[in-house]
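The tour below goes from one selection to the next.

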Amino acid sequence: MDILYSDREIAVCVKPVGLDAEQEVPQALTEQLGGTFYPVHRLDLNVGGVMIYARTRQAAAELSRAVQEGTMVKEYVALVHGCPAETGDWEDLLWKDARRNKVFVVNRVRGGVKKARLEYTCLERREHTSLVRVRLHTGRSHQIRVQFASRGFPLVGDHKYGARDDAPAPMLFSFRITLPWRGRTRSWERLPDWA
């Protein structure tokens, strides 16, 4: 696994597609770096990208607080079908069907419904797809995937949410994490080959 940064309190790595963020990645980090690793945020199994892990319980509490307070900024790149507007700021109500592990945009508040907000910028238009940069303001399950698909722009490779192509996995990647840490703003990034 590619390690972008490591010290006594945190480790930043690039999670490969197909590894579980909560168990397999910490195990791989332990094998590479030694010690214990605590997950403080997650990525879907079929999504890769930059992730940060705590190496102490205190660091885990501080990073979890940064996630909750929104001071940890997570940015993604995605390849979507179609051509959305140049920029967007979308807020939706999302409901997760846990039995089917699928999320839906709904139009009224009911049990289990959560607000979801993201901003995006279109970086590049290709023949039938667009490369977008996404900043999450909330971290909901499948949020980017369902918010784009609900507007007719499913992610390339995201067959669960309507893509009809041959890509093996959703073209979604956590490319940058930025947060205030130990008196300064820290940022780590990596782009996937397809971006």
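In strand 9, which residue is the bridge partner of Glu124? Select Leu131, the partner of Glu124 in strand 9. Strands here are DSSP runs of E with at least two residues, and helices are runs of H or I with at least four, numbered from the N terminus.

This is a predicted model, in which local features need pLDDT of at least 70 and side-chain atom pairs count only at pLDDT 80 or more, while totals for chains, interfaces and linings use all residues. Residues are numbered from 1 along each chain as its sequence is written, and side-chain values use heavy atoms, leaving out hydrogens and water.

Now select all of strand 9, residues 129-136. Strand 8 (residues 114-125) runs antiparallel to strand 9, with 7 bridges joining them; two strands pair if DSSP finds at least two bridges between them. A hairpin of 3 residues connects strand 8 to strand 9. Glu75 stands opposite Arg135 of strand 9. Because 6 of its 8 residues are buried, strand 9 is largely enclosed by the rest of the structure. Buried means under 20% relative accessible area, exposed over 50%, and partly exposed in between (1.4 Å probe, protein chains only).

Pro192 counts as buried, at 11% relative accessibility. Leaving aside neighbours within four places in sequence, Pro192 is in contact with Val77 and Phe173, where contact means heavy atoms within 4.5 Å.
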